[in-house]
Amino acid sequence: MIELDRRHPLAVDLKSFGRRPGTMESGELTVPTPSGVGTEVMQVPEGSEMDLDLRLESLVDGVLASGTVHAVAEGSCVRCLRELTEPVEVDFQVLYVWPGGKNDPEAEPVDPETQEDVRELDGDLLDLVPAIRDAVVPTFPFQPVCTPDCPGLCDRCGEPLADDPDHGHEEIDPRWSALADLR
């Protein structure tokens with residue numbers, strides 16, 4: 001049974017897990033979303049419910065954490081500013097190495113500085129926040145839109161063009177504007 005640390009809602013306490021290679025635990029958790037899971041235009045709101053299907057496997061050098069994040073992201077269309085909501089379902093897999101070296105003196109050390117998807121454990125705590133951010137944020141579109149053909153807003157008055165397809169403004173050539181005053 002995976003137990004979270006009481007002081008940090010997304011840190012797994014590994015004291016009971018031990019440093020025995022081959023040990024495995026899995027579980028489903030519902031946790032509050034940490035801050036910073038998103039971009040300026042799309043994010044999972046801080047404090048909203050996030051479901052995790054988590055599996056921890058003890059290895060010689062550390063712990064392999066893998067799982068799936070389920071959440072709901074909110075944002076705005078970059079063209080018309082309508083609110084968007086999108087379900088998020090993302091898999092992740094990260095190796096957390098024991099601090100200060102390895103468990104097996106004959107094994108090759110894993111350096112978290114040189115390898116992608118490798119992090120160092122904080123004592124007996126496995127912090128899931130960076131792994132969740134690294135998995136979820138890249139899945140968001142760079143420029144989210146409500147529909148692929150969203151026409152956006154009128155550049156003169158700011159009205160959504162999708163609401164009125166015949167929207168327009170009377171254009172008067174500035175060279176002839178003096179003649180309009182004669183009427």
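The accessible surface of the protein chain comes to about 11,700 Å², as computed by the Shrake-Rupley method with a 1.4 Å probe, with only the protein chains shown counting as cover for residues. Carbon and sulfur atoms hold 47% of this surface. The model is predicted: local features need pLDDT of at least 70, side-chain atom pairs count only at pLDDT 80 or more, and totals for chains, interfaces and linings use all residues. Residues are numbered from 1 along each chain as its sequence is written, and side-chain values use heavy atoms, with hydrogens and water left out.

The chain has 183 residues, of which 34% are buried. Buried means under 20% relative accessible area, exposed means over 50%, and partly exposed lies in between (1.4 Å probe, protein chains only). Two helices and eight strands are present. These are DSSP runs, numbered from the N terminus: helices are H or I with at least four residues, strands are E with at least two. The order from the N terminus is β-β-β-β-β-β-β-β-α-α. Contacts are heavy atoms within 4.5 Å. Among contacts with a separation of 6 or more, 60% are between residues 24 or more positions apart.

The largest nonpolar core has 37 residues. Such a core is a set of buried Ala, Val, Leu, Ile, Met, Phe, Trp, Tyr and Cys residues joined through side-chain atoms within 4.5 Å. Leu14, Val44, Leu56, Leu126, Leu128 and Val136 touch the most other members. Strand S2 (24-32), S4, S5, S6 and H1 each supply at least two residues of this core. The largest share, six residues, comes from S6.

Helix H1 spans residues 129-136. Its residues Val129, Ala131, Ile132, Ala135 and Val136 are buried. They lie on the same side of H1, because they cover an arc of only 165° around the axis. The arc is taken from the directions from the helix axis to the C-beta atoms. The cover over these buried residues includes strands S4 (49-58), S5 (62-76), S6 (83-97), S7 (118-120) and S8 (125-127). Leaving aside neighbours within four places in sequence, Val136 is in contact with Val37, Val44, Val69, Val88 and Val90.

Leu10 is found in the segment before strand S1 (11-13). Leu10 counts as buried, at 2% relative accessibility. Beyond its neighbours within four places in sequence, Leu10 has contacts that include Val31, Pro32, Pro34 and Leu52. Leu126, Asp127, Leu128, Val129 and Ile132 are also in contact with Leu10. Leu10 and Leu126 are 116 residues apart along the chain, yet their C-alpha atoms are separated by 8.3 Å.

A disulfide is a pair of cysteine sulfur atoms within 2.5 Å. By this rule the count is zero. For Cys80, the closest cysteine sulfur is that of Cys146, at 3.6 Å, and so too far for a bond. Cys80 is buried, with a relative accessible area of 8%. For Cys157, the closest cysteine sulfur is in Cys154; at 3.7 Å it is likewise too far for a bond. Cys157 is partly exposed, at 37% relative accessibility.

Most residues other than glycine have a negative phi. Leu81 counts as exposed, at 57% relative accessibility.
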